Amino acid sequence: MAQPRPVRARFEEKVNRDGPIPEQRPELGPCWEWTAGRYSNTGYGQFGRRVGGKWIPTNAHRIAYELYVGPIPEGTELDHLCRNRGCVKVLADGRGPAHLEPVTRQVNMLRGEHPSALAVRTNRCKRGHEYTPENTILRADSPSRQCRECKNIHQRSEAYLAAQRRRRASRKGGGAHEAPGSSPGPELTSVSLMSMTDGSPPSASSASR
Ligand SMILES: [Zn+2]
Ligand SMILES: [Zn+2]
């Protein structure tokens, strides 16, 4: 069998140092674009290493950091300044600075594209309502803010009103007209939660089930 080639040589042949220039940050210069396989779920480059007889796939940009810079500092994640997940540029070169920077998880999240990160940066909820003092509900038991406008929308929704009607009816009638074991409580809770999270109006069938 052929000797395994050095990791660094195998790695470098999969990198195009003349990659795309980031649209949002052209001053960073071209990415080092990963040209081999990627993780389908995250879009990060995938590089396999043999560790103790086992083939271990790893994020290519993390391998790049270890190969060219050193161990990734404890408690940090590599943030893509270029927002190109296929980029492995961990070093400055003649055409620009490094595109990857070790930052704490919190900083990485705040810089990211996740709706909650955008909400913090733009001071708006996921539906785009501004967090003015009047529109912000702070709760003692939760670190996150709640949008009053969204809460109002939710409380006008069919699912919520149906739940209220049921609650009132079962209180009056002692639940006699409810089929035994139908337990409307938990089911309605899950319907309300669904309408809170995905923003789509709950269907009439699921609300009255
Ligand atoms: Zn890049
Ligand atoms: Zn809102």
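What percentage of the 209 residues in the chain is buried? In this predicted model, buried residues make up 17%, where a residue counts as buried if 20 or more other C-beta atoms lie within 10 Å of its own, as exposed if 12 or fewer do, and as partly exposed in between, with C-beta atoms placed from the backbone. Residues are numbered from 1 along each chain as its sequence is written, and chains are lettered from A and ligands numbered from 1 in the order in which they are written. Because the model is predicted, local features need pLDDT of at least 70 and side-chain atom pairs count only at pLDDT 80 or more, while totals for chains, interfaces and linings use all residues.

The predictor's confidence in each residue, pLDDT, runs from 0 to 100; its mean for the chain is 82, and 78% of the residues reach 70 or more. Over residues 178-209 the pLDDT is below 50, and this stretch has 33 contacts in the model beyond near neighbours in sequence. Two residues are in contact if their C-beta atoms, placed from the backbone, lie within 7 Å.

The chain has eight helices and eight strands, taken as DSSP runs numbered from the N terminus (helices H or I, at least four residues; strands E, at least two). Of the contacts between residues at least 6 apart in sequence, 42% join residues at least 24 apart.

We can now turn to the core. The largest nonpolar core holds 18 residues, of which Ala60, Ala64 and Val88 touch the most other members; such a core is a set of buried Ala, Val, Leu, Ile, Met, Phe, Trp, Tyr and Cys residues joined through C-beta atoms within 7 Å. Helix α2 (residues 60-68) gives the largest share of this core, four residues. Buried in α2 are Ala60, His61, Ile63, Ala64 and Tyr65, and their packing partners include α1 (7-12), β2 (33-34) and β3 (46-51). Leaving aside residues up to four places away in sequence, alanine 60 touches Trp34, Tyr44, Gly45, Gln46, Phe47 and Val88.

Strands β3 and β4 run antiparallel, joined by six bridges; strands pair if DSSP finds at least two bridges between them. They form a hairpin with two residues between them, and glycine 52 in the turn has a positive phi of about 55 degrees. Glutamine 46 stands opposite asparagine 59 in β4. None of the six residues of β4 is buried, so this strand lies largely in the open.

Arginine 83, in the loop between β5 (76-80) and β6 (100-104), has a positive phi of about 60 degrees although it is not a glycine.
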